[in-house]
Amino acid sequence: MKILKERILKDGKCFPGGILKVDNFINHQMDPILMKSIGVEFVRRFASTSINKVITVEASGIAPAIMVGYLLELPVVFAKKKKPSTMENMLATTVFSFTKNRSYEVCVSKDFLCPGDKVLFVDDFLANGNAAKGIIDLVKQADAELAGMGFIIEKAFQHGGDELRKQGIHVESLAIIESLDNCEIKIK
């Protein structure tokens with residue numbers, strides 16, 4: 001996706017340790033026009049896939065997931081990082097955050113992730129694949145089906161995408177970062 005790649009090169013910031021900061025247009029301040037284009041591209045890439053629900057993890061995946069859900073006219077569910085006191089009938093799993101360097105429990109109500117659902121997972125980043133693994137676990141617990149996974153940015157050098165693809169999962173990444181060595185952004 002050319003417009004996204006150009007924006008990453010123009011406005012993305014690299015930090016030591018393989019960190020790419022895109023908070024000025026994707027995951028803190030958002031560019032809604034770019035986010036709409038991202039949603040359109042995900043819809044195009046998953047056009048032949050049977051989906052009845054979009055799922056993500058709060059918070060950075062919500063905007064692209066909403067765009068995809070809006071365009072497909074499907075409900076969007078986001079796994080919560082804190083269990084609400086009002087949530088009953090819950091599915092939960094533990095996810096390790098590369099960015100925050102800690103584990104947290106994510107949960108979703110069984111009322112919104114149901115047996116037979118065919119879900120598309122949408123998120124901002126794919127690095128080691130930990131959030132994706134958590135969603136895979138929740139989908140299995142719900143006896144639902146994972147139709148595919150879409151990521152705005154994949155860090156290929158962290159190999160999460162390789163692992164998901166080896167499992168036979170349909171993975172689509174709109175921009176693939178080959179390297180952040182010496183804080184230089186290299187896009188595939």
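Reply: Six strands make up an open sheet, in the order β4-β3-β7-β8-β9-β10, and the pairing is mixed. Strands pair here if DSSP finds at least two bridges between them. Strands themselves are DSSP runs of E with at least two residues, helices are runs of H or I with at least four, and both are numbered from the N terminus. At the edges stand β4 and β10 (186–187); each has a single partner strand, so one side of each is left without a neighbour in the sheet.

A word on the model. It is predicted: local features need pLDDT of at least 70, side-chain atom pairs count only at pLDDT 80 or more, and totals for chains, interfaces and linings use all residues. Residues are numbered from 1 along each chain as its sequence is written, and side-chain values use heavy atoms, with hydrogens and water left out.

Now look at β9 (residues 171–179). Eight of its nine residues are buried (under 20% relative accessible area, with a 1.4 Å probe and protein chains only; exposed is over 50%, partly exposed in between). Strand β9 is therefore largely enclosed by the rest of the structure. Six bridges tie β8 to β9, and these two run parallel. Across that pairing, I153 faces A175 in β9. On to β10: two bridges link β9 to β10, which run antiparallel. There, I177 stands opposite I187 in β10.

Next, helix α3 (residues 62–72). Its buried residues are A63, P64, A65, V68 and G69. They pack against α2 (32–45), and also against the strands β3 (53–57), β4 (76–79), β7 (118–126) and β8 (145–155). Just after α3, E73 takes a positive phi of about 55°.

I51 sits in the loop between α2 and β3. I51 is buried, with a relative accessible area of 16%. Beyond four places in sequence, I51 contacts (heavy atoms within 4.5 Å) F46, L74, K118, L120 and A147.

Then comes the largest pocket, with a volume of about 740 Å³. A pocket is an open set of points on a 1 Å grid over the protein atoms alone, where a 1.4 Å probe fits, with protein on both sides within 12 Å along at least five of seven lines; lining residues have an atom within 4 Å of a point. The volume is the space filled by probe spheres set on the points, which are joined across faces, edges and corners.

The lining of the largest pocket has 31 residues, and S60, S97, T99, D124 and F125 lie nearest its centre. Strand β7 gives the most, with four residues. At least two residues each come from β2 (19–21), β5 (90–97), β7, α4 (130–141) and β8.

An unreviewed UniProt entry places a "binding site" feature at L20, N27 and K155. The lining of the largest pocket takes in L20, N27 and K155. Such annotations may be inferred rather than shown by experiment; feature names are shortened, and positions use the numbering here.

Zoom in on N27, in the loop between β2 and α2. N27 is partly exposed, with a relative accessible area of 26%. Leaving out residues up to four places away in sequence, N27 touches V22, S60, D124 and F125.
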